[in-house]
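Student: I'd like to learn how to read charged pairs and surface patches in a model. Could you walk me through an example?
Tutor: Happy to, let's look at it together.

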Amino acid sequence: MGDFNLALVIVAIVVCVLVFLFNVYLLVNYQHPDDVNQAYFPKFVVVLGLSVAAISILMLPADVANRQACRHAIYNGACKLTLPMKDLWLAVYIVDAILVFFVIPFAMFYYEGDQDKSLWKRMKSALLWVIVTAVVCALALGILYGLLGKVDFTVRHLSSSTESFPSPFTFSVGQQCVGAGARQCSAYSANASSETTWTMRSTFPEYVVALATVVGSILFTIFGGVGIACLPLGMISSFIHRPKAVITRSQYIKEATELGKKARELKKAADALHQEERSGNKGRKWRKNVKNVEKEILLLEEDVKSLEEMYPQGEKAEASWAMTVLSYLAKLVFGVIGLIVSVAWVAHIVIYLLIDPPLSPFLNEVFIKLDDIWGLLGTVAFAFFCFYLLLAVIAGEMMLGMKLVFITIHPMKWGATLMNSFLFNVGLILLCSISVIQFCATAFAYYAQATAAQEIFGHTLQSLRGIKYLYKYNVFQIAFIVLAGLTFIYYAAFGWRRKKPSGRFQLSS
């Protein structure tokens with residue numbers, strides 16, 4: 001038993017190191033050329049945030065393995081070499097909350113500060129915003145914890161008188177109590193009036209995790225519900241709209257001329273907005289125009305990329321076209337696989353969470369059977385389904401940002417991602433990762449039973465005063481399914497159409 005637990009500790013350390021190195025690789029390859037050899041603090045925050053998010057997702061499978069390390073123990077205290085998962089959960093999510101609400105905003109304010117200002121003035125401005133945020137959050141948390149930071153458990157008071165042991169000693173469906181006549185057991189005959197509420201105060205770290213989970217659950221429900229459908233359908237749609245053949249040079253010149261004209265119009269609009277910013281005219285209309293121009297620039301970049309795909313140039317033009325064809329085939333394959341995973345997720349939520357009692361454990365049984373085939377196969381599949389939800393969140397955020405423009409668009413592009421976009425997406429991933437874990441701990445409660453995550457995200461969170469009703473009536477799960485269904489209908493009705501840049505932006509001047 002001890003050897004097994006030691007191996008689990010070694011695997012956990014190796015995985016953490018690999019996650020850190022992989023995130024460094026992502027940062028190096030995704031960063032914009034303008035950020036090379038500078039912005040070191042935002043880069044450190046990005047790597048740290050991505051690592052915390054990935055490790056938090058992997059902690060749930062580790063929690064399951066940690067529980068299995070002591071499954072042969074006679075009593076709970078017999079196994080002392082397992083990982084202290086509850087302490088690790090609280091530590092990771094406290095770090096998560098600090099990064100989301102304090103460190104990442106400071107890094108973004110500092111990075112997006114006026115470049116004409118000195119280093120000290122930019123740091124002072126960013127620190128001022130963070131201090132204001134910290135004071136507001138501390139007051140809100142303190143007041144809420146003082147008023148509502150209690151857990152209400154419904155319990156039943158049972159008592160029974162003593163009676164000599166019968167002979168013979170038998171139990172049956174009709175004879176469930178000791179004593180044939182008196183039925184001396186309150187559990188059998190207790191009425192509803194024996195129920196009472198047992199109230200206790202939760203710890204402050206658990207309450208912070210709970211509130212962060214609620215905030216993340218709102219975003220996760222919106223972005224994840226949309227993304228669970230648009231992630232696979234978007235890749236399939238991209239394959240449908242792929243370039244079918246290489247265009248002629250005359251067609252290339254015509255399209256390039258149109259794109260150049262569009263680029264000049266956007267540059268003129270951006271210059272005008274920059275001039276308004278310098279004059280201090282930054283009202284609601286200005287912010288709306290900025291988002292519209294950002295959207296048009298993103299669409300223009302996509303059109304330029306599509307044009308380059310349809311007319312590859314250079315000595316390796318044929319190889320570039322072959323890679324383009326293969327990339328779209330890969331999108332089709334991954335889109336089909338993703339569609340199967342999305343359907344499985346939606347079916348599992350309906351079958352296991354929304355129907356009471358559940359029709360079937362469904363994916364829980366799948367993971368258990370995979371574990372029977374090979375010890376880590378079910379754990380790997382379990383981790384994959386959790387990571388897929390995070391990818392769905394990012395896909396949903398991008399779709400809503402492009403279609404509705406009610407949030408700032410921060411696309412992640414290979415070799416062209418600025419640090420503010422990195423920080424925004426890392427903050428979104430961190431905030432939603434808590435909810436993803438809570439969602440997975442609930443959806444796979446049968447597979448992840450008796451784990452530390454179940455104790456934190458199951459019993460405590462779902463019994464917390466003022467919050468428990470959101471989970472009691474499955475508000476987030478129902479909203480998730482509704483948004484997924486609406487997104488699927490949207491793609492079925494309009495997804496096959498190729499959108500063109502609208503070119504609509506109004507300058508206040």
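Student: Is Asp 271 buried, partly exposed or exposed?
Tutor: This is a predicted model. Asp 271 has a relative accessible area of 42%, so Asp 271 is partly exposed, because that class covers the range between 20% and 50%.

Student: Which side chain does Asp 271 meet in a salt bridge?
Tutor: The general idea is that side chains of opposite charge can pair when their charged atoms come close. Here Asp 271 pairs with Lys 267 at 3.2 Å, N to O. Both residues lie in helix α7, four residues apart, about one turn of the helix. Lys 267 is exposed, at 54% relative accessible area.

Student: How many salt bridges does the count come to?
Tutor: The count comes to two. In the Glu 296 and Lys 262 salt bridge, the closest N and O atoms are 3.4 Å apart. Glu 296 is in helix α8 and Lys 262 in helix α7, so this pair ties together parts that are 34 residues apart in sequence. Glu 296 counts as buried at 1% relative accessibility, and Lys 262 counts as buried at 15%.

Student: Which residues gather in a patch of positive charge on the surface?
Tutor: They are Lys 282, Arg 284, Lys 285, Arg 287 and Lys 288. Lys 282 sits in the loop between α7 and α8 and is partly exposed, with a relative accessible area of 43%.

Student: And what about a nonpolar surface patch?
Tutor: One of about 900 Å² is made by residues including Leu 6, Val 17 and Val 28. Val 17 lies in helix α1 and is partly exposed at 45% relative accessible area.

Note on methods: Residues numbered from 1 in each chain as written. Predicted model: local features only at pLDDT ≥ 70, side-chain atom pairs only at ≥ 80, totals over all residues. Heavy atoms only, no water. Patch = residues over 30% accessible without salt bridge, like charges linked within 9 Å, V, L, I, M, F, W, Y side chains within 5 Å. Areas by Shrake-Rupley, 256 points an atom, 1.4 Å probe, with all protein chains shown as cover. Salt bridge = Lys/Arg side-chain N within 4 Å of Asp/Glu carboxyl O. Helix = DSSP H or I, 4+ residues; strand = E, 2+ residues; numbered from the N terminus. Buried < 20%, exposed > 50% of the residue type's maximum accessible area, 1.4 Å probe, protein only. Lys, Arg positive; Asp, Glu negative; His and termini not counted. Charge placed at Lys NZ, Arg CZ, Asp CG, Glu CD.
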